[in-house]
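Subject: Structure handover

Dear colleague,

Here is the structure we spoke about, with the sequence alongside. My notes on what was found in it follow below.

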Amino acid sequence: MRLLSSALVTLLALTKISFASSSSGDSVLVVLDPSLDRENYSIFFGGLEKRGYSLTFRAPKDASPAITDYGVPNYDHVILFAPETKSYAQDITPQSLVGLLSENTNLLIALSPKQTPLTSLATEFSLILPPPDTPLISHHPARSEPQTTIPVPVSSSSPILTPGIPPIWFTGAPHALGSTPMLVPILRAPAESFAADSTSDADSDSLGSQMGLVTGFQTNVNSRVVFAGGVKMFSDEYARKELPSGGAPGNALFVKDVAAWVFQEKMKLRIDAVDHHRVGESGAPEMYTTNDEIVYTAHISAYDSRTSTWKPYSGIDDLQLEFTMLDPHIRTSLPAVAGSPGTYQVQFRAPDRHGVFKFVLNWKRKGYSYLESSTTVPVVPPRHDQYPRFLSAAWPYYAGAISTSVGFFLFSALWLAGDVKGERKKGSKVE
């Protein structure tokens with residue numbers, strides 16, 4: 001009976017993993033401020049549960065359930081909806097949240113115009129927030145809502161978002177973006193908006209599309225974090241609130257796409273395998289010889305959240321391969337193989353230089369998970385019996401050596417065979 005129950009638990013766990021929407025797991029901890037009504041976020045939380053996520057709720061000051069135990073995360077994703085909370089439990093600090101990212105735990109964080117510990121966390125990710133109590137303000141378009149409640153148009157150029165999302169309602173604080181290439185802009189402020197502590201733009205700190213409202217960040221280990229300038233954009237109120245033009249807002253679809261990206265449902269790629277060999281062979285050799293013709297192959301797949309499976313992916317058209325020894329000696333494109341999904345292959349000649357080389361793949365694009373691979377191989381000079389017997393470029397030297405040898409032979413023959421009788425007679429007379 002005990003064996004049967006353990007087998008059942010194992011089967012349920014495997015089933016849970018196999019049908020998870022996210023490629024990194026489906027357990028989510030929601031840190032929700034007590035001042036926020038959970039029912040007002042039922043559309044967002046309910047959508048996560050329908051996609052297979054298991055949500056656990058706690059208050060910011062609660063000690064349990066703990067985010068980590070002995071440095072090991074208990075959850076695959078963490079949602080922080082406590083934008084105005086100024087004190088948290090001991091397991092929620094900027095340092096601990098950064099540590100979660102290093103353990104492949106993803107974060108969705110809502111900010112506010114108030115000064116909180118999350119404000120200092122945002123600066124660690126190259127986000128520059130305005131002074132406290134400086135919300136985003138816009139007088140356009142004309143509407144009955146306050147100037148801080150703004151319909152923001154959604155750009156269709158972001159690969160993270162579904163094309164054609166209507167404008168969304170936003171209330172909160174903007175932020176400026178730093179220079180790090182790891183930032184992924186998702187939603188920018190309207191051009192006519194500004195950040196100020198009053199409804200006048202005379203003393204505004206930032207203007208227009210210079211500011212971001214929702215921004216993602218992807219770490220070197222491919223964990224993701226999203227900073228949203230306000231928590232109300234996730235609410236049922238804003239999801240149902242009619243736009244000034246009379247249409248329905250796009251909040252529900254927008255926050256769904258944002259959650260799908262930060263929880264690694266979409267734009268998640270991986271390298272399944274790489275292999276290399278000489279032309280005409282099939283196995284990888286222990287070492288290559290200079291000027292060998294080499295074939296390098298990479299197999300790449302993308303995660304499909306609808307089936308919770310990895311499928312071959314051939315959609316990369318700018319993948320490159322480097323053959324390096326300190327510096328790249330060869331950099332060439334690695335194109336997809338027609339008729340073989342997920343396979344990228346290139347043939348090139350090894351450089352005429354021996355040493356320890358690396359096959360290096362390093363593909364990093366905004367929004368997509370990074371693809372990195374490094375394989376070390378030695379390149380040696382040819383063996384003594386692998387060189388050609390004669391080199392066409394050396395014929396002048398061959399001719400010089402042969403002519404010198406022939407001349408020396410002729411000179412020696414003439415010297416030895418010459419007549420020396422006269423010299424011997426003359427010598428005898430002197431005696």
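Over residues 1–18 the pLDDT stays under 50, and for this stretch the model has 3 contacts beyond four places in sequence. Where pLDDT is low, the predicted coordinates should not be read in detail. This is a predicted model throughout. The protein averages a pLDDT of 90, and 90% of the residues score at least 70.

Nonpolar core

The largest nonpolar core has 44 residues, and the members that touch the most others are Phe44, Phe81 and Phe254. Helix 6 (residues 251–262) gives the most to this core, with 6 residues.

Leaving out residues up to four places away in sequence, Phe81 touches Val31, Leu32, Asp33, Leu36, Phe44, Phe45, Leu108, Ala110, Val231 and Phe234. Two of these, Phe44 and Phe45, are buried residues of helix 2 (residues 42–50), as is Leu48. The three cover an arc of only 90° around the axis, which puts them on the same side of helix 2. For the background, an α-helix has 3.6 residues a turn, so residues three or four places apart point the same way.

What do the buried residues of helix 2 pack against? Their partners are strand 1 (27–32), strand 2 (54–58), strand 5 (77–81), strand 6 (106–110), helix 5 (236–240) and helix 6. After helix 2 comes Gly52, with a positive phi near 100°.

Strand 6 is mostly covered, with 5 of its 5 residues buried. Strand 6 pairs with strand 5 in the parallel sense over 4 bridges. In this pairing Leu80 stands opposite Ile109.

Another part of the model has 5 strands in an open sheet, in the order 18-25-24-21-22 and with mixed pairing. Strand 18 (288–289) and strand 22 (327–333) stand at the edges with a single partner strand each, so one side of each is left without a neighbour in the sheet. Strands of a sheet pair through backbone hydrogen bonds, either parallel or antiparallel. Strand 18 pairs with strand 25 (residues 371–380) in the parallel sense, over 2 bridges. Thr289 has Val380 in strand 25 as its bridge partner.

Salt bridges

The count of salt bridges comes to 16.

Lys241 is in the loop between helix 5 and helix 6, while Glu145 is in the loop between strand 8 (136–137) and strand 9 (150–152), so the pair ties together parts that are 96 residues apart in sequence. Is Glu145 buried or exposed? Its relative accessibility is 16%, so Glu145 counts as buried, the cut-off being under 20%.

Asp318 and Arg365 also form a salt bridge through their side chains, at 2.9 Å from N to O. Asp318 sits in the loop between strand 20 (309–312) and strand 21 (320–325), and Arg365 in the loop between strand 24 (355–363) and strand 25, so this pair ties together parts that are 47 residues apart in sequence. Asp318 counts as partly exposed at 31% relative accessibility, and Arg365 counts as partly exposed at 32%.

Glu372 forms a salt bridge with Lys364, and here the closest N and O atoms are 3.7 Å apart. Glu372 is partly exposed, at 46% relative accessibility. Lys364 is partly exposed too, with a relative accessible area of 35%.

The network links Arg278, Glu281 and Asp292 through salt bridges.

Thr171

Thr171 lies in the loop between strand 10 (168–170) and strand 11 (175–177). Apart from neighbours within four places in sequence, Thr171 is in contact with Thr148, Thr149, Gly229, Gly230, Lys232 and Tyr238. From Thr171 to Phe323 is 50 Å in space, C-alpha to C-alpha, and 152 residues in sequence.

Regards

Conventions. Residues numbered from 1 in each chain as written. Predicted model: local features only at pLDDT ≥ 70, side-chain atom pairs only at ≥ 80, totals over all residues. Heavy atoms only, no water. Core = buried A, V, L, I, M, F, W, Y, C linked by side-chain atoms within 4.5 Å. Buried < 20%, exposed > 50% of the residue type's maximum accessible area, 1.4 Å probe, protein only. Contact = heavy atoms within 4.5 Å. Pairing = 2+ DSSP bridges. Arc of directions from axis to C-beta. Salt bridge = Lys/Arg side-chain N within 4 Å of Asp/Glu carboxyl O. pLDDT = per-residue confidence, 0-100.
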